[in-house]
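Okay, everyone, thanks for coming. Let me put the structure up and talk you through a few things.

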Amino acid sequence: MDFKKYPMAEPYKIKMVEPLKVTTREFREKAMKEAGYNTFLLRSEDVYIDLLTDSGTNAMSEDQWAGMMLGDEAYAGSKNYYHLEDAMHECFGYKHLIPAHQGRGAEQLVSRTFIKPGQYVPGNMYFTTTREHQELAGGIFVDVICDEAHDPNDESPFKGNVDLNKFEKLIKEKGAQNIAYITVGVTVNLAGGQPVSMENLRAVGKMAHENGIKVVLDATRAMENAYFIKKREPGYADKSVKEILREMCSYTDAATCSGKKDFHTNIGGFAACNDDDAATHMRSLVVVYEGLQTYGGMAGRDMEAMARGMLEACNDDTMRHRIAQSEYLGNKLIEAGIPVVRPIGGHGVFIDAKAFYPNVPQEQYVAQALAADLYVQSGVRSMERGIVSAGRDKVTGHEHKPKLETIRLTIPRRVYTQSHFDIVADGVIELYKERNKARGLKMVYEPKALRFFQARFEKL
Ligand code: F0G
């Protein structure tokens, strides 16, 4: 079988199905209005194809489901914790595992352990919950991603890379002692699922360590990043995803990870590190905020599913299929002239909302409006990743105005088929034809933290 010819061929067959509801346009118009033009506030049963997120929405394997029946729900010392620890050692190689209920739980542990109030925390673009926890711990986030990441049309293969000049300038200006650590997200979610090269990770590790600064990996989609390195970086074609991942982690000191993405699980996460004192500190926090240090907010069965899912994700075939689905949808849209972030990233396709709706200004929440319109048009749920997600500056109160104003068509793993993607593409293409009718939104309810989850809007 030559998978070069069929990159999207499923390395699995389907054993259980979940029915979908088809609705009318009138129904969806009403539902969207009631949800305040925020796709997070829709009821999932009113959605036909749900591309809101790839987080916790993936299909588990029979091996993972079998593992769910082997949950050891003891309060302390569950055997599933030890399985998870073994899997983490095998895939990532860090010394200490601190389990958490999901990624943001781990982010809290790491932020509170490593950040002293007033310290800077550089990162390759922000992620919403990551930056929130850094700021809650008193840190000041600084974006040090390469400029290419902000340009949707730049075709560079590793647009997630840290700009070493920006990082060096920050160290010189602020002093290494005033930098808590650098976060490197692999892949970079808000840049469009763009990967970081091994060469860049190595160089970031060197610069950071020469200055006594720690490197914290956001390993949430690290297997996808490893696959991109295999495909795009010279010298890695013959290495396995697992070998590449281990090398990536070797340049870093600690990690946070949402288990709800690459591992195909519905819930879970972890923090990891090599330093004994940091691990002790995180374990003293985990018992307060998450749960005992051997479950961290997860049921034993969830830890088992995550351990098994982690090993499955470290598989070249799993990743080949995964990335091919995103590329299939992305390339269909590119062929139809739809403005999307290029190259197509790992976990979905990001539509450039400013270019899609040129008549709607960013201040009228153009991507939010586009996500709402796409649902009304075709029953497809996407997510805003622009000015609403970026929120406000904690000091000035002004809205952050990100250069990338997108909607994300996020692809859950092993869930949708080629015909679903054809429907999604046709829906987007139809909407593009009507782009001159587009109207912006005004925000009528704005929550203080992570406003995109619960904000409400009205049509202008
Ligand atoms: N880091 C990255 C890069 C993420 O994408 C996410 C979650 C987190 C951390 C936090 O993990 O949700 O388990 O607490 N991203 C989801 C998304 C919500 O839709 O992109 P969590």
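So, one definition before anything else: buried means under 20% relative accessible area, exposed means over 50%, and partly exposed is in between, with a 1.4 Å probe and protein chains only. Now, this is a predicted model, where local features need pLDDT of at least 70, side-chain atom pairs count only at pLDDT 80 or more, and totals for chains, interfaces and linings use all residues. Residues are numbered from 1 along each chain as its sequence is written, and side-chain values use heavy atoms, leaving out hydrogens and water.

By that cut-off, 60% of the 460 residues of the protein chain are buried.

On to the rings. Phe, Tyr and Trp rings (for Trp, the six-membered one) pair if their centres lie within 6.5 Å; planes under 30 degrees apart are stacked, over 60 edge-to-face, the rest tilted. That rule gives 12 aromatic pairs. Take Phe-40 and Phe-453: they sit edge-to-face, 5.0 Å centre to centre with 80° between the planes. They're 413 residues apart, with Phe-40 in the loop between α1 (25-34) and β1 (49-50), and Phe-453 in the loop between β13 (441-445) and β14 (456-459). Helices (H or I, at least four residues) and strands (E, at least two) are DSSP runs, by the way, numbered from the N terminus.

Phe-453 counts as partly exposed because its relative accessible area is 24%. Phe-453 also pairs with Phe-452, tilted this time: 4.2 Å between centres, 40° between planes. And is Phe-452 buried or exposed? Buried, with a relative accessible area of 3%.
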